[in-house]
Amino acid sequence: MSNRRYDLPPLDFVRGFEAAARHLSFTKAATELFITQSAVSRQIKALEDHLDTVLFERRHRALRLTEDGQTFYRIALEALDRLQSAVDRMRNSRVPDQLSITTTTGLASLWLIPRLGRFTKANPQIDVRIVANDRALNLDRSLVDIAIRYCQRGMAPADAVPLFGEDILPVCSPQVLNDPATPLRRPEDLKHHTLLHLDYPGMKRTWYDWGTWLTSFGMEDLKPAGTLHFSRYEQLIQAAVSGQGVALGLSPLINEPIRSGLLAAPFDTSVVGPRGYFLIRSTSGASKPQVDDFCRWVMAEAGRDAAGPDRS
């Protein structure tokens, strides 16, 4: 009987499996890891032998995770994320004012990053790290100081600080709004336009959905000129900015593009959604002065957006 505490496969095998599972391709995994496709294939076979299970269904020019493969992928991803976070923290342990923040990709791209320069200018000694991730990370396990989390109001942790709610309103580029060939003065005019949808696996119908929004205004039978679907919110808004159609914008994320003239809100009509953004501190970050500094700053920034965008 072995006296070893751990009977684990080599880390390289786990890294190779994670890349192959993420891409569902040995070839793409090999390119990412700078090794050959056959080397990845051998790593996966050795890992399967070690675990005594099959991780992939190998089909003609395609891979699919088995049930055991899906389970091991989730475990491997969490373990690798935690290891990487620990390595990053140790490498930067000489930086006393390091600050790590996680939030959704949409909030990071459209709200936080465009205004972050104001914080870094006022606090040049703080080394800010943004972890844009639509998964709700365990802050202490991931060694993250602060989360700005998007969730239903009743689902926020007891110690979470509300930053702002959500107002949902149609937005488009000024060029689309001012095109005389396709007027956009009333919600009924949406029939002349392409509607941009947020659509990802597992998404449930909410106020964030065009069908729900149109139904709330008695227009459930409206047929738009076209539809486009996107899996990420920031892609949806970029499509609206570039004039590809009308999106359901989420205030305050679209406030800055409206203020700058990149987007316009054609109707003085919005719907208050059931979710909001909440500020959460990790246990380890609660005592850090830089966490206090950021929390004060982000709450002040949220206050600036409380009245919503200037649509005039």
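How many bridges join strand β5 to β10, and in which sense do the two run?

Modeller: Strand β5 (residues 146–152) is joined to β10 by 7 bridges, and the two run antiparallel. A word on the ground rules first. This is a predicted model, in which local features need pLDDT of at least 70 and side-chain atom pairs count only at pLDDT 80 or more, while totals for chains, interfaces and linings use all residues. Residues are numbered from 1 along each chain as its sequence is written, and side-chain values use heavy atoms, leaving out hydrogens and water. Strands (E, at least two residues) and helices (H or I, at least four) are DSSP runs, numbered from the N terminus. Two strands pair if DSSP finds at least two bridges between them.

Now the sheet. It is open and has 8 strands, in the order β4-β3-β5-β10-β6-β9-β7-β8. The pairing is mixed. At the edges stand β4 (127–132) and β8 (226–230), each with a single partner strand, so one side of each has no neighbour in the sheet. Neighbouring strands are turned by 25° against each other on average, direction ignored.

Look next at β6 (residues 161–171). It pairs with β10 (residues 271–281) in the antiparallel sense over 6 bridges. Phe164 stands opposite Tyr277 in β10. β6 also pairs with β9 (residues 246–251), again antiparallel, over 5 bridges. There, Asp167 faces Ser251 across the pairing.

Back to β10. Its Gly276 is the bridge partner of Cys151. Cys151 is buried, at 11% relative accessible area (buried means under 20%, exposed over 50%, partly exposed in between, with a 1.4 Å probe and protein chains only). A search of the whole structure finds 0 disulfides, a disulfide being a pair of cysteine sulfur atoms within 2.5 Å. For Cys151, the nearest cysteine sulfur is that of Cys295, 16 Å away. Cys295 is buried as well, at 3%.

α5 (residues 105–122) lies across β3 (98–103), β4, β5, β6 and β10, and runs at about 170° to β4. α9 (residues 233–241) touches β6, β7 (194–198), β8 and β9. Its direction makes about 125° with that of β9. Contact means heavy atoms within 4.5 Å. Axes are lines fitted to C-alpha atoms, for helices over the stretch in contact, and angles run from 0 to 180 degrees between N-to-C directions.

The axes of α2 (residues 26–33) and α3 come within 8 Å and cross at roughly 105°. That makes the two roughly perpendicular (65 to 115 degrees; under 35 is roughly parallel, over 145 roughly antiparallel, the rest oblique). Phe26, Thr27, Ala29 and Ala30 of α2 make the contact with Gln37, Val40, Ser41 and Ile44 of α3. Buried residues in α3 include Val40, Ile44 and Leu47. The 15 residues of α3 (residues 37–51) should span 21 Å, and the end C-alpha atoms are 21 Å apart, which agrees. The expected span is 1.5 Å times one less than the number of residues. Just after α3, Asp52 takes a positive phi of about 60°.

Last, a hairpin. β1 (residues 56–59) and β2 (residues 62–65) run antiparallel, joined by 4 bridges. Between them lie 2 residues, and Arg61 in the turn has a positive phi of about 55°. Phe56 stands opposite Leu65. In β2, Leu63 and Leu65 form the covered face, Ala62 and Arg64 the uncovered one.
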